[in-house]
Amino acid sequence: GAAELGPYRHYMQKEIFEQPRAVADTLEGVQAIVPELFDGLDAEGNTQTAAWRVFKEIDSVLILACGTSYYSGCTAKYWIEAIAGIPCNVEVASEYRYRTSVPNPRTLVVTISQSGETADTLAALRHAQSLGMTHTLTVCNVATSAMVRECELAYITRAGVEIGVASTKAFTTQLLGLFLLTLALAQSKDRLTPEQEAKYLASMRHLPVALQSVLALEPQVISWAEDFASKENALFLGRGMHYPIALEGALKLKEISYIHAEAYPAGELKHGPLALVTSSMPVVTVAPHDELLEKLKSNMQEVRARGGVLYVLADGDSQIESEEGMHVIRMPEHYGALSPILHVVPLQLLAYHTAVARGTDVDKPRNLAKSVTVE
Ligand code: G6P
């Protein structure tokens, strides 16, 4: 009811603003990277200590999910390969369940699901199990769900109940859970020094404060949304682990504002989407201050040279300034490996405020359901 919404107009907006709290709750009690973070409960409700044995045993990771959860998995692939050094594949659940694949019994199958009840993701899990992959872990927001019951190990995010159909706080808490999983896998493979562990934990603990400062950028995002509301197409660019963030930004905009949006890894611009660039298609660029920024800047020049208008999310410590045809929002300083968790937030706000400006039913977009429990 309206009372629960407090100062917010929609659940989606409320849930976007709950992210500092959701992230803090998800981290509560995390003092160290320990196997218990991922252990499941046995039939009697006792904690099993299976995680360490499983993590030692596996030599690859297969992530299965749908929708926004799939994009958190795509982000995690970058972490798992770079930090834990373990090969990782990510697959849309509805594809995996129906194709002939090559099973590796030493795979850790990771399902990601807000609801824990998505039919395709459950079917993909069961399919993997039927192929002899017994090591399964879920990152899930509902402790009592079928997904948690059916997986060997579980990591429960503490986003709290999510009502808006477009997922927001579930996504950022999934990312956090997947980052913790990455660190635990790295540790089990002797790739995490105590110094690195301490550094990552400190960075995670600072996230709620960093998220607050990103949320404070809402007025600037609203002015972008005023431009977007009259557009019919938008392009999102990112590179590296921010490419899945660009995909998630495009998905959010499609879902609730009904503007056609797609995302590309910026290096692929020249292989197609550059042909679409005109002054009437805004190009959102996720531009963290990382080792790919110089490459990304030349991709941005390619867009500008064709009259495209850029909307850039830059980190506070980089040298990107607003100019003609280029609107810049300054984020906090570069946040290292956890940067995707910050950069997705203005994209959520952009979709939200664009949808509000267009007058769509933000919390219940047409044709979509919160949880898709049938195929
Ligand atoms: C639906 C929702 C999405 C969600 C997807 C996967 O399509 O509208 O927001 O990302 O299902 O749901 P899950 O509960 O498995 O994360």
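The dialogue below goes through these features in turn.

Analyst: This is a predicted model, in which local features need pLDDT of at least 70 and side-chain atom pairs count only at pLDDT 80 or more, while totals for chains, interfaces and linings use all residues. Residues are numbered from 1 along each chain as its sequence is written.

User: At what angle do the axes of helix α5 and helix α9 cross?

Analyst: Helices (H or I, at least four residues) and strands (E, at least two) are DSSP runs, numbered from the N terminus. Axes are lines fitted to C-alpha atoms, for helices over the stretch in contact, and angles run from 0 to 180 degrees between N-to-C directions. Here α5 (residues 67-84) and α9 (residues 169-188) cross at roughly 25 degrees, and their axes come within 9 Å. Angles under 35 degrees count as roughly parallel, over 145 as roughly antiparallel, 65 to 115 as roughly perpendicular and the rest as oblique; α5 and α9 are therefore roughly parallel to each other.

User: Which residues of α5 and α9 make the contact?

Analyst: Two residues are in contact if their C-beta atoms, placed from the backbone, lie within 7 Å. On the α5 side the contact includes Ser72, Trp79 and Ile83, and on the α9 side it includes Phe171, Leu178 and Leu185. For composition, Ala, Val, Leu, Ile, Met, Phe, Trp, Tyr, Cys and Pro count as nonpolar, Asp, Glu, Lys and Arg as charged, and the others, Gly among them, as polar; the contact of α5 with α9 has 11 nonpolar, 6 polar and no charged residues.

User: How do α9 and α12 each pack with α15?

Analyst: The angle between α9 and α15 is about 170 degrees, with the axes 10 Å apart, and that makes α9 roughly antiparallel to α15. Phe171, Thr172, Leu175 and Leu176 of α9 meet Pro340, Ile341 and Val344 of α15, a set that divides into 6 nonpolar, 1 polar and no charged residues. For α12 (residues 218-228) and α15, the angle is about 50 degrees and the axes are 8 Å apart, which makes α12 oblique to α15.

User: How many residues surround the ligand, and how do they divide by type?

Analyst: A residue is near a molecule if its C-beta atom, placed from the backbone, lies within 6 Å of it. The ligand is surrounded by 16 residues, of which Gly67, Thr68, Ser113, Ser115 and Thr118 are the closest. The shell divides into 5 nonpolar, 10 polar and 1 charged, and its largest share, 3 residues, comes from α5.

User: Where is Ile86, and what does it touch?

Analyst: Ile86 is found in the loop between α5 and β2 (88-92), and it counts as buried because it has 20 C-beta neighbours inside 10 Å. Leaving aside residues up to four places away in sequence, Ile86 touches Ser60, Val61, Ile80, Glu81, Leu185 and Lys189. The C-alpha atoms of Ile86 and Val61 are separated by 7.1 Å, although these residues are 25 residues apart along the chain.

Definitions and conventions. Buried ≥ 20, exposed ≤ 12 C-beta atoms within 10 Å, placed from the backbone.
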